[in-house]
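Please look over the sequence and the model before reading on.

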Amino acid sequence: NLVLISYDADTVRSDKPQIPDLVEKIFSKHGTQEKFRKLQNNLMFLVADHALFDSMKKKMNRRLALEIMVKSPDMLKELADHQQEKIHELYQRSEQELAIALQQCYRHLFFPSRNNRVEGTGVDLGHAVFDIQDTSDKPGAGQNQILRALDDNHKLLRSEDQPLAPSYIRDQTPLKNGHITTSDLRSEFRKDPRLPMMIGDDNFVRMIHKGINENILVYKSGDLLYGHGDPPAQIRIDAQAFVFTLQYAKDKNIWPRPIPEKE
């Protein structure tokens, strides 16, 4: 979820970048009772640059003024033909100019991170600043620079990306206790700022398959038991499907499968 902070609520000074109080509050707590926010790794924040929001406002005022003229036939009739054409030209151009101004102003991204957290803060948030030239590259497609910044900070996992090492997930999540439901393990990627943010579930499912193929994990759902050497099976993400570490599965006689006794 992307949180867009209004420029009149809080801004960031490029010369002294700090996490705005409002950002820290939303990241840490939720609801009117301000309870602890568990899904911290599911939020990122886009904040305006203090030195550039004045220019952004002027571009917006100009755009609105031109729009009023273009949509007021009586007003345009008072102008010569070449002046009317000029107004329409300025109006069309103002859309791109405004898009550039918006993207240049909203250039501060705060994202969940424990390794790259902003110094002197008590919350797990990293900070990326978009280059002004890059923000002008594709006006109206501001999401591209956000995705690029998350990629640069190894904070994003798409379906086509390589899955994380199953051994890392085993050691850095509650799976280290030996077992966890697939639903709870998937939720860890929405909670833990140390982990990347996943778009969709495909990468997560591939990570479990990889762990099984590398003889690190064992999967169980109902009567289905899926481990190293088995043909691929469907991985379900719910509260009735479990992932075990290999050692836990051995200790509990879950894996390898018990050999049935002959009569």
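Does arginine 236 count as buried, partly exposed or exposed? With a relative accessibility of 46%, arginine 236 counts as partly exposed, since buried means under 20% relative accessible area, exposed over 50%, and partly exposed in between (1.4 Å probe, protein chains only).

The model is predicted, so local features need pLDDT of at least 70 and side-chain atom pairs count only at pLDDT 80 or more, while totals for chains, interfaces and linings use all residues. Residues are numbered from 1 along each chain as its sequence is written, and side-chain values use heavy atoms, with hydrogens and water left out.

**Salt bridges**

A salt bridge is a side-chain nitrogen of Lys or Arg within 4 Å of a carboxyl oxygen of Asp or Glu. A search of the whole structure finds 13 salt bridges, among them those in the table below.

| Salt bridge | N to O distance |
|---|---|
| Glutamate 89 and arginine 93 | 2.6 Å |
| Arginine 194 and aspartate 192 | 2.7 Å |
| Arginine 236 and aspartate 238 | 3.2 Å |

Aspartate 238, the partner of arginine 236, is buried, with a relative accessible area of 15%. In the pair of arginine 194 and aspartate 192, the arginine is partly exposed at 31% relative accessibility, whereas aspartate 192 is buried at 8%.

Glutamate 89 and arginine 93 both belong to helix α4 (residues 81-105), where four residues, about one turn of the helix, separate them. Helices here are DSSP runs (H or I, at least four residues), numbered from the N terminus. Glutamate 89 is partly exposed at 38% relative accessibility, and arginine 93 is partly exposed at 37%. Together with Lys86, Glu89 and Arg93 are linked in a network of salt bridges.

**Packing of two helices**

Helix α8 (residues 182-191) and helix α9 (residues 202-213) pack at an angle of about 120°, with their axes 11 Å apart. Axes are lines fitted to C-alpha atoms over the stretch in contact, and angles run from 0 to 180 degrees between N-to-C directions. The helices α8 and α9 are therefore oblique to each other; angles under 35 degrees count as roughly parallel, over 145 as roughly antiparallel, 65 to 115 as roughly perpendicular and the rest as oblique.

On the α8 side, the contact (heavy atoms within 4.5 Å) is made by Thr182, Leu185, Arg186 and Phe189, and on the α9 side by Phe204, Met207 and Ile208.
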